[in-house]
Amino acid sequence: MGLLSKKDAALIKDPLFDNNPITIQVLGICSALAITAELKASIVMSISVIFVMGAGNVVISLLRNVIPSKIRIIAQLIVVAALVIVVDQVLKAYAYSLSKQLGAFIGLIITNCIIMGRFEAFALANGPWRSFIDGIGNALGYGLILCIVGVCRELLGSGSLLGYKVLGDPIEKTGLYAYGYENNGFMLLAPMALIVVGLIIWVQRSRNAALIEEN
Amino acid sequence: MAKTDGNGYTVFFATAMVVVVGVILAGLATGLKPQIKENERFEKQQNILYAMGVNANEEGDTSANFISTEEVEQMFKQHITRQLIIQGGDIKENPEAFLVDLKKQSKKDLKERKMPLFVGERDGETFYVVPMYGKGLWDAIWGYIALDKNMVVEGVYFDHKGETAGLGANIKERYFMDDFRGEQIVDGTTFKGITVAKGNNDPLNNQKDDNEVDAIAGATITGDGVTAMIKSTLRDYLPYIKQEIKG
C-alpha cells in the first residue's frame, strides 16, 4: 500500500482480523444477528456502515477540540443520526428501489455500537485522515464478519446465495435435494447467527493464541 | 479542554449544533421532497399494474420486475381505465384515487372510509384491482389484489415495512405471490378469501379452488396477517366489485 504509511495500514488491517470489532471487541452483535439471514442484506448493511463510519469519524475528528466533554456522547449521536438521515433521504430520491430493499436497515445503523465506539475511542483523539482510515477499517472488519455469517445462514438455511438457488430447488427436488437433503430452517433464526459468530471466534482464537485472554 | 468545560459553552455548543444540523437536514429534506414524492407515485402505479399482470417479469425469472419508472405513467393511463373512490356506499371517479393514504383510511369507520378501486384492462379483459392494508409481525403490510370478472385472482403484489429478512419479508418474493394466481376467493357462493395455510397438502399449489396457498415456513404471523388483510379488505369491497362487474 503505497498510499498509506505502515501505521496507517495497520489501522485498516487490524480491525479486519486481530482486532475485529465483532469477534474480538464483541461490538455490533445486534445488527450482526438481525440482518444476516440473507447475504444481500449483509452486503448492503456493510456498505452503508462503511459510508457512515468513514464520514462520521471525520466529522467527529474535526470537531474533537470544540465538543464539550460533558455532552460528547449526545453530540456523537447527533452526527450519526444526521448522517443516517442524509443517506436515507438521498437514497429515497435517487435510488428508490435500493432504498426500498434496505428498508429498516438504514435506521438500524444508528444503533450500531461500533460506530459510537470508534467515535469515542479513536476519532476524539486523532486527526481526520487517520480517523477516516480507522473508520473504514473497522467498517470493513464488521462487514467481513457480516458477510461470512450471511453466507453460512443463507446457504444452509435457504439453500441459496444472493437469491440464486445454488443447491437446487427444494420444492421440485432437484440438485442436492434429490438426495434427501433438507434446508435447516433454524439457520434463519437469530440464535444460529450467534452460534455462527461463536464458531468464528473459536476458529480465530485457536489459530492465534495471542488473542486468548489470560484468566 | 478547559475552555470547553464551562456550562455556558456547553449550552452554546448544544444549541449551535442542533441548529446547524437541523438547518442542513431541513434543507436537504425540502430539496429532495418533490423527487421522493414522485418516486412514491411511480411505485404505487407500478404496484397496481404489477398485480394485474402488467409487469416486466420474464419466463424463468424468480424476482418480481416492474415496468420501468420512465414508462409507468403512460402505461398506467393506458391500462387503468377508471379510478374509483368508494365512500359510504357512493362510488365516485377520481383520477388521483391511487394516492389515497390507506394507513389513514384504515383507522376510520367503514362508513367514512375512502376505499379506492381500480378498473383496468389488459388484452381485452377487465380486472378489478383492490388495494389492501394490514398488519404483519413487526409492522404494516400492504398490497394489491387483482380480480377478473369471475372473481378469480389474476395477480397480487405484497409489500411490508419491516418483516424479518429471509422469513416474513419473503411475502414480496415471486414464489409466494405467484401462488395466488388463479385462486378462487369464493367457495361456491360463500365468500372465503384466501388463507395462507400451514400444513398444506398442496405445496405446489395445483389445487386452485381450495381458497388456500402454501405458507412460508418461519413466517406464521406474517402469513396470518396476509390472510386477515385479504379477508377483511375483500369482504368490504365485495358488494361494490359485484356491482361493477354487473355494470
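**A walk around strand 5 of chain B**

Hi everyone! Let's start with a pairing: strand 5 of chain B runs antiparallel to strand 6 (residues 153–160) of chain B, and seven bridges join the two. Please keep in mind that this is a predicted model.

If you'd like one place to look, find B:Trp142, which stands opposite B:Asp159 in strand 6 of chain B. The two strands form a hairpin with five residues between them. In that turn sits B:Met151, with a positive phi of about 65°.

Now let's look to the other side. Strand 4 (residues 125–135) of chain B also pairs with strand 5 of chain B in the antiparallel sense, over eight bridges. Here too we have a hairpin, with four residues between the strands.

Let's zoom out. What is the order of the strands in the open sheet of chain B? Reading across, the six strands go 2-1-3-4-5-6, with antiparallel pairing. Strand 2 (90–93) and strand 6 of chain B are the edge strands, each pairing on one side only. On average, neighbouring strands are turned by 25° against each other, ignoring direction. Helix 5 (residues 220–246) of chain B packs on this sheet and touches strands 1 to 6 of chain B, strand 5 among them. The direction of helix 5 makes about 135° with that of strand 4 of chain B.

So is strand 5 of chain B buried or exposed? Seven of its eight residues, 140–147, are buried, so the strand is largely enclosed by the rest of the structure.

That takes us to the largest nonpolar core, which has 88 residues. Among those with the most contacts inside this core are B:Tyr144, B:Ile145 and B:Ala146, along with B:Ala51, B:Val129 and B:Val156. As a general note, nonpolar side chains tend to be buried together in soluble globular proteins. Have a look at B:Tyr144 in particular: leaving out residues up to four places away in sequence, its contacts include B:Ala51, B:Val129, B:Met132 and B:Val156.

One last stop, over in chain A. Helix 1 (residues 6–16) and helix 8 (residues 128–158) of chain A pack at about 20°, with axes 7 Å apart. These two helices are therefore roughly parallel to each other. Their crossing is right-handed. The residues making the contact include A:Leu11 and A:Ile12 from helix 1 and A:Ile133 and A:Leu140 from helix 8 of chain A.

How values were computed: Residues are numbered from 1 along each chain as its sequence is written. Chains are lettered from A and ligands numbered from 1 in the order in which they are written. This is a predicted model: local features need pLDDT of at least 70, side-chain atom pairs count only at pLDDT 80 or more; totals for chains, interfaces and linings use all residues. A residue is buried if 20 or more other C-beta atoms lie within 10 Å of its own, exposed if 12 or fewer, and partly exposed in between; C-beta atoms are placed from the backbone. Two strands pair if DSSP finds at least two bridges between them. A nonpolar core is a set of buried Ala, Val, Leu, Ile, Met, Phe, Trp, Tyr and Cys residues joined through C-beta atoms within 7 Å. Two residues are in contact if their C-beta atoms, placed from the backbone, lie within 7 Å. Axes are lines fitted to C-alpha atoms, for helices over the stretch in contact, and angles run from 0 to 180 degrees between N-to-C directions. Angles under 35 degrees count as roughly parallel, over 145 as roughly antiparallel, 65 to 115 as roughly perpendicular and the rest as oblique. A crossing is left-handed if the near helix is turned anticlockwise from the far one by less than a right angle, and right-handed if clockwise.
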